[in-house]
Amino acid sequence: METDPKDIELIERFLDNKLSKEESSDFFKRVNEDREFAKLVKLREVMPDLLKDADNYRKIREEVKSTLNFQGGKWLFFHNPAQMALAAVILLLIATVVIFFVTKEHGILPFIKNDNLVKKNDTLMIQKKGGPDFKANKDIYYSPLNGSVFISSDKIIFRWKPVHDSTFQFMIFLKEQTIPVYHKEIHHGQDSILLPPGTIKPGEYQWYIGDKKIKHSFIIKPAVR
Amino acid sequence: MINFVTKRIKPVHIEKFSEKELVKGLEHGDCKIISFLYNRNITAIRKMANQYPNMIFEAEDVLQEGMTRIIMNIRSGKFQGKSSIHSYLYGICRNICFKQFDGVTTVSMNNWVPELADVNDSDYFDLLQVVIDAKGKLDEKCVEIINLRFRLKDKQASTSANSKLMDFEHIAELIGIKADNARQRFSRCLEKLIYAVKNAPGIDDLLTSGSYGN
């Protein structure tokens, strides 16, 4: 038999001392005479503890379950320190092998890099031989040499003798064009600039600092792998 | 999955923990103690469970459930420490098996260890499962108002019966409705729970005694 929610409302009002004297009197009379209602009152009385216990029961069951699954599946393998050490060594070996292959593939370690072009000269720094390549102003020397050829995977360092009393613009143009593909302000005392690989596309270029009338050409070829 | 897991669990010597440590560990949900008890008892429970070909539970599930119940009983103070934890756990597991076997709901007490968990105890846990299922079917608003009224999420709530209840004026403020509407909503929701438990096994014992297993 279904319970009438109105009866529950009545019980709640009784529990909250919201019944009038008459209603209270009727309430007790009904409890004594109506067995179903008396049972409902008792049920209502035990419900908070029942719900609380049910909640605890559910939580404890989940805790026990997760503890046993966790212990069985993961922890107990490592109860023995020797097993734990063995697992650590195996993991270390695996990590070493992985790192070795990854670095080999990406050329992070130069000694195992298998690219012939890069092996030949990873960073090209063209220095003057026996004297300045070009003297634009007093004490300013430029490199690389005019007409140098690089590979797009090369790092190119442009180097010159530093000047302390002036700033210059470092410019790179595509040959015979006027809009620079790369430019940077050179500060007092700066003697070089690094052009990272891939900064400019393969092609024929000209560069200068200070005096735009005096340009130097160089070529970047695509890397062959 | 449980079979796979238990094969890998290494036996631990029984001397490792005293009875007092076991009880305290279970009371606090100590993982080491739970694992230890599982390892210590799983063989015996397997043997017992294998005697019942129609068992619904696997031995691992029986033991897991038994451990849940023993923790509940320790925390509620029902476990008096008159028997060893292992005997008590075995008794609980045996009750679970009995109940599952061909619908038998009462247990012969012959040659029983004196401290076993009794049948009323087992019925009470079935009743709790009924409550869990019924509450799981309620909508969010019902769960919310029931939790509020009974202060089920309020750990600070006093243990005295009156202060356990949150009055509907307060509930109404919290959920933004009128107090009368809150009372009506609560009554409708509680009616669903009461309907689910009023004929469940164990409820009559509970109503007679006021608390389970006493």
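**Entry 1: chain A, overall**

I began with the secondary structure of chain A, which comes to five helices and eight strands. I took helices (H or I, at least four residues) and strands (E, at least two) as DSSP runs, numbered from the N terminus. Along the sequence, chain A reads α-α-α-α-α-β-β-β-β-β-β-β-β.

I noted the ground rules next. This is a predicted model, in which local features need pLDDT of at least 70 and side-chain atom pairs count only at pLDDT 80 or more, while totals for chains, interfaces and linings use all residues. Residues are numbered from 1 along each chain as its sequence is written, and chains are lettered from A and ligands numbered from 1 in the order in which they are written.

I then looked up burial. A residue is buried if 20 or more other C-beta atoms lie within 10 Å of its own, exposed if 12 or fewer, and partly exposed in between, with C-beta atoms placed from the backbone. In chain A, 17% of the 225 residues count as buried.

I also checked contacts, meaning pairs of residues whose C-beta atoms, placed from the backbone, lie within 7 Å. Among the contacts in chain A between residues at least 6 apart in sequence, 51% join residues at least 24 apart.

**Entry 2: the sheet in chain A**

I asked in what order the strands of the open sheet stand. Five strands of chain A form it, in the order β2-β8-β7-β4-β5, and the pairing is mixed. Two strands pair here if DSSP finds at least two bridges between them. At the edges I found β2 and β5 (180-186) of chain A, each with a single partner strand, so one side of each has no neighbour in the sheet. From one strand to the next, the twist averages 25°. The axes behind that angle are lines fitted to C-alpha atoms, for helices over the stretch in contact, and angles run from 0 to 180 degrees between N-to-C directions.

I went through the pairs one by one.

- β2 (residues 148-151) and β8 (residues 216-221) of chain A pair in the parallel sense over four bridges. Val149(A) has Ile219(A) in β8(A) as its bridge partner.
- β7 (residues 203-209) of chain A pairs with β8(A) in the antiparallel sense over five bridges.
- β4 (residues 168-174) of chain A runs antiparallel to β7(A), joined by five bridges. Ile172(A) stands opposite Trp207(A) in β7(A).

β7(A) and β8(A) form a hairpin with six residues between them. In that turn, Gly210(A) has a positive phi of about 75°.

**Entry 3: chain B, overall**

I moved to chain B and counted ten helices and zero strands. Of its 214 residues, buried ones make up 35%. In chain B, residues 24 or more positions apart account for 66% of the contacts with a separation of 6 or more.

I took α3(B) first. Its 20 residues reach 27 Å from first C-alpha to last, close to the 28 Å expected at 1.5 Å a residue. The expected span is 1.5 Å times one less than the number of residues. A kink of about 45° is centred on Asn41(B); the bend at a residue is the angle between axes fitted to the seven residues ending there and the seven starting there.

I turned to α5 (residues 85-100) of chain B. Its end C-alpha atoms are 23 Å apart, which agrees with the 22 Å that its 16 residues should span. How many of the 16 residues of α5(B) are buried? Twelve are, and the helix is mostly covered. Among them are Tyr88(B), Cys93(B), Arg94(B) and Lys99(B).

I ended with His170(B), in α8 (residues 168-175) of chain B. His170(B) is partly exposed, with 14 other C-beta atoms within 10 Å. Arg149(B) is 21 residues from His170(B) in sequence and 9.3 Å away in space, C-alpha to C-alpha.

**Entry 4: where the chains meet**

I found 39 residues of chain B in contact with 37 residues of chain A. Elements of chain B that give two or more residues to this side include α1 (2-8), α3 (31-50) and α9 (179-197). α9(B) gives the most, with ten residues. By class, this side of chain B has 23 nonpolar, seven polar and nine charged residues. Ala, Val, Leu, Ile, Met, Phe, Trp, Tyr, Cys and Pro count as nonpolar, Asp, Glu, Lys and Arg as charged, and the others, Gly among them, as polar.

I picked Pro5(A), in helix α1 (residues 5-15) of chain A. Leaving out residues up to four places away in sequence, Pro5(A) touches Ser187(B), Arg188(B) and Glu191(B). Pro5(A) counts as partly exposed, with 19 C-beta neighbours inside 10 Å.

Conventions. Two residues are in contact if their C-beta atoms, placed from the backbone, lie within 7 Å.
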